[in-house]
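This report describes a structure in terms of its sheets, its domains and the contact between its chains. Please consult the sequence and the model shown here alongside the text.

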Protein chains: 2
Amino acid sequence: METIGFIGTGNLGYPIVENLLKAGYGVSVYNRTREKALPLQQLGAVLVNSPAEAVVQGGIVMSLVSDDKAIIAIAGDALVKALGAGGIHVSMSTISPDTSRILAAHHLEEGVQYVAAPVFARPEAAAAKVGTAVISGNDAAKARIRPLLEAGFAKNIFDLGDDAGSANVLKLIGNFMIAGAIEMMAESFALAEKNKVDPRVVYEMLTTTLFASPIFRNYGAMIVDRKFTGDPSFSAALGLKDLNLVLETAARSYTPMPLAQLVQSRLTTVLAKDTKDADWIALAMGALEDAGLK
Amino acid sequence: METIGFIGTGNLGYPIVENLLKAGYGVSVYNRTREKALPLQQLGAVLVNSPAEAVVQGGIVMSLVSDDKAIIAIAGDALVKALGAGGIHVSMSTISPDTSRILAAHHLEEGVQYVAAPVFARPEAAAAKVGTAVISGNDAAKARIRPLLEAGFAKNIFDLGDDAGSANVLKLIGNFMIAGAIEMMAESFALAEKNKVDPRVVYEMLTTTLFASPIFRNYGAMIVDRKFTGDPSFSAALGLKDLNLVLETAARSYTPMPLAQLVQSRLTTVLAKDTKDADWIALAMGALEDAGLK
């Protein structure tokens, strides 16, 4: 089976590489902090010392890094030339749609296809291969990478067409919706508690009927249990980065989004209070603390 | 089988009375506008000319009217004395928790149990008996009325304890959550459209994965199709009344709810623009119109 390059083995990249190895793919791994990728070597991955070393001419590289700055640093001339004509870069990071469009144009100059394929999955969902992928880019390239997404993390794949930025727009919308759901529940549970109604019954009723969906079920339980810090599988800092991208994309396209502004402000407060090990679910603390609740 | 009193055969009360009749109950119906209840006579209901005439000593009366003012007008001394000791008033309207508490105390002076049992169901869901009931009040009374709720509209029943106002608090929370979901989707679909991403694909992805729940599925389709007016099964005016009750309850309990304020303001604008046949889903127009979309 083909050998794939993989750049970025953070919380989310790590289980995806594990799945690819289990599925029989060869994987050449580059991670900025080499130590974090070391256990993958035991599982059969080859660790390399630069992004360009992870790829072969005409091959496929998948990248999953923290932000626009990181992807721009990685996906420069060296990587693109090493991939060369027929090569594909599967860009899985949550980044600005415009950054994807600029990178796609740059890649194409060397005959490389850039496919945006951001990931909807917390690490445990990626490990269980029940995540969702949204993809946009060249049709032939999308067809070629589908099996990799399925082997790596995706139960569902949604195709957003050929504009590379489109999948990133949907990824930002998805994260905005999750943040909005957290705020909705936080205000609701606060109102319940302040009116002597048990938030657990409210949670149970809402998440088994009108709002019986994974987001409300999983995040709702974390709010009821005040599970805001500890071992964040999606940190408040990364969540804030995403909401900033939502507002930046909204501003550029003249789209007023008052709810997005509210949740961005909530997460800013979480970081202002210096809760470094906060999960982004901690944005729920805003509504609870504003109501005088612990 | 027992004969039940039923007060208020509006959009929601009507199909519930139909179901009760089908289930074999006798139903004495009072509706302020008598003509609207006339077709129920053909199905076996007995039409009466005042709320008190709909009840028998020690019997059960169900009420489902539009607001606090209407329930206070109906549930006065005449009704309570006609019910008498052992009687039960099942109050299904969406009203203030405090109004429920005041009525419950007043009913109890004559030995009447007041059970709050607001309805989560649009009329078509009530007709299909897939609605949800939330109930609070005296335990024995709740046990006695359960079969009526199941025969009338409810697939699920959630018990909020003995404080009459608690079920009303949860009903208000539920409606706030629905309004919040509408705002979230409206801002999201606006962002998609302004960035040349098809809102239908966004809708499909979100409502089959992260947000695969009836509220997002049903209301989301109405937003994508711009189905805001016509034959509202839940009018913007009633929706605004509910959001005003949410904010009133929030204010009394010192619970800041910025998202509730936002959606209340959105619905106020719908009514300010004089769209009299608007469904409350029309609050989605706010985010779309603010973004310059039709």
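## Terms and basis of the model

Two strands are said to pair if DSSP finds at least two bridges between them. Helices (H or I, at least four residues) and strands (E, at least two) are DSSP runs, numbered from the N terminus. With these terms, Thr132(B) stands opposite Asn156(B), a residue in strand 9 of chain B.

The model is predicted: local features need pLDDT of at least 70, side-chain atom pairs count only at pLDDT 80 or more, and totals for chains, interfaces and linings use all residues. Residues are numbered from 1 along each chain as its sequence is written, while chains are lettered from A and ligands numbered from 1 in the order in which they are written. The scores of the model are ipTM 0.95 and pTM 0.94. For chain A the average pLDDT (the predictor's confidence in each residue, from 0 to 100) is 96, and 100% of the residues score at least 70.

In chain B, 3 strands make up an open sheet with the order 7-8-9 and mixed pairing. Strand 7 (119-120) and strand 9 of chain B are the edge strands, each pairing on one side only. Strand 8 (residues 131-135) and strand 9 (residues 154-159) of chain B run parallel and are joined by 5 bridges. Within this pairing, Ala133(B) has Ile157(B) as its bridge partner in strand 9 of chain B.

Strand 8 (residues 131-135) of chain A pairs with strand 9 of chain A in the parallel sense over 5 bridges, and Ala133(A) stands opposite Ile157(A).

## Domains of chain A

The domain assignment, whose bounds come from an automatic or database source, divides chain A into domain 1 (3-162) and domain 2 (169-290). The C-alpha centres of domain 1 and domain 2 of chain A are 28 Å apart.

Contact between two residues requires that their C-beta atoms, placed from the backbone, lie within 7 Å. On this basis, 12 residues of domain 1 of chain A touch 13 residues of domain 2 of chain A. The domain 1 side of this contact in chain A comprises 6 nonpolar, 4 polar and 2 charged residues. In this classification Ala, Val, Leu, Ile, Met, Phe, Trp, Tyr, Cys and Pro count as nonpolar, Asp, Glu, Lys and Arg as charged, and the others, Gly among them, as polar.

## Symmetry and the contact between chains

Chain B is superposed on chain A by a rotation of 180° with 0.0 Å of shift along its axis (RMSD 0.0 Å), using least squares on the C-alpha atoms of residues with pLDDT of at least 70 in both copies. The two copies are therefore related as by a two-fold rotation axis. Of the residues of chain B, Ser213(B) comes closest to the rotation axis, with its C-alpha at 2.7 Å. The same surface serves both copies, as 100% of the contact residues of chain B recur in chain A.

Chain B and chain A each give 53 residues to the contact. Elements of chain B that supply two or more residues to its side include strand 8, strand 9, helix 9 (199-208) and helix 10 (214-224). Helix 8 of chain B provides the largest share of that side, 17 residues. The side of chain B that touches chain A divides into 34 nonpolar, 13 polar and 6 charged residues.
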